[in-house]
Amino acid sequence: MAKVEAHGIRGNYSRWIRNWLTGRTQRVVIHDETSDPALVTSGVPQWSVLGPLLFIIYISDFDIGIISKINEFGDDTKLCHRAFTERDRATIQSDLNHKQEQKQGGACRRGSKVFKAAAAFLTRRLPWTVPL
């Protein structure tokens, strides 16, 4: 709720959102069997009108402190940076470390997903010629 209030949503609106998000329960139904209700302590109800807005507020500061380019789609985030030199590789590593520190500090909680890193090696091929 701190991020919501930092975006200027305060007072009755903030209380309304807090009340809407707290005290929710869910249960599972398989065939004729229903589980006991379980308290939902995180997330936003799916198919809600406020869901996309709250998600945008939640990720709005995700790029702070990052040098690499960030590509985001839904809850999938990719850090992109060229790595021709040792300095380039150090930049990428620094960005990954920064995100990991945010996650451990609680500033970045995107479910229980773990940050994954992958490297793509791209080369330029010499233009091919057509024999005459």
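Modeller: Helices here are DSSP runs of H or I with at least four residues, numbered from the N terminus. The model is a predicted one. Trp 16 and Trp 20 are four residues apart in helix H2, so about one helical turn separates them.

Biologist: How many aromatic pairs does the rule give, and why is the pair of Trp 16 and Trp 20 called stacked?

Modeller: The count comes to one aromatic pair. The ring centres of Trp 16 and Trp 20 are 6.4 Å apart, and the limit for pairing is 6.5 Å. Their planes stand at 5°, whereas stacked requires under 30 degrees.

Biologist: Is Trp 20 buried, exposed or partly exposed?

Modeller: Trp 20 has a relative accessible area of 26%. Buried means under 20% and exposed over 50%, so Trp 20 is partly exposed.

Biologist: Why does Ser 14 count as buried?

Modeller: Ser 14, also in helix H2, has 3% relative accessibility. The cut-off is under 20%, so Ser 14 is buried. Leaving aside neighbours within four places in sequence, Ser 14 is in contact with Met 1, Glu 5 and Ile 9.

Biologist: Which residues make up the largest nonpolar core?

Modeller: Seven residues do: Val 4, Ile 9, Ile 17, Leu 21, Leu 50, Leu 54 and Ile 57. Helices H2 (11-21) and H3 (50-59) are the elements that give two or more residues to this core, and H3 gives the most, with three. Neighbours within four places aside, Val 4 is in contact with Ile 9, Ile 17, Leu 54 and Ile 57.

Biologist: Over which ring does the charged end of Lys 3 sit?

Modeller: The charged end of Lys 3 sits over the ring of Tyr 58, 4.9 Å from its centre; the distance limit is 6 Å.

Note on methods: Residues are numbered from 1 along each chain as its sequence is written. This is a predicted model: local features need pLDDT of at least 70, side-chain atom pairs count only at pLDDT 80 or more; totals for chains, interfaces and linings use all residues. Side-chain values use heavy atoms; hydrogens and water are left out. A nonpolar core is a set of buried Ala, Val, Leu, Ile, Met, Phe, Trp, Tyr and Cys residues joined through side-chain atoms within 4.5 Å. Buried means under 20% relative accessible area, exposed over 50%, partly exposed in between (1.4 Å probe, protein chains only). Contact means heavy atoms within 4.5 Å. Rings of Phe, Tyr and Trp (its six-membered ring) pair if their centres lie within 6.5 Å; planes under 30 degrees apart count as stacked, over 60 as edge-to-face and the rest as tilted. A charge sits over a ring if NZ of Lys or CZ of Arg is within 6 Å of the ring centre and within 35 degrees of the ring normal.
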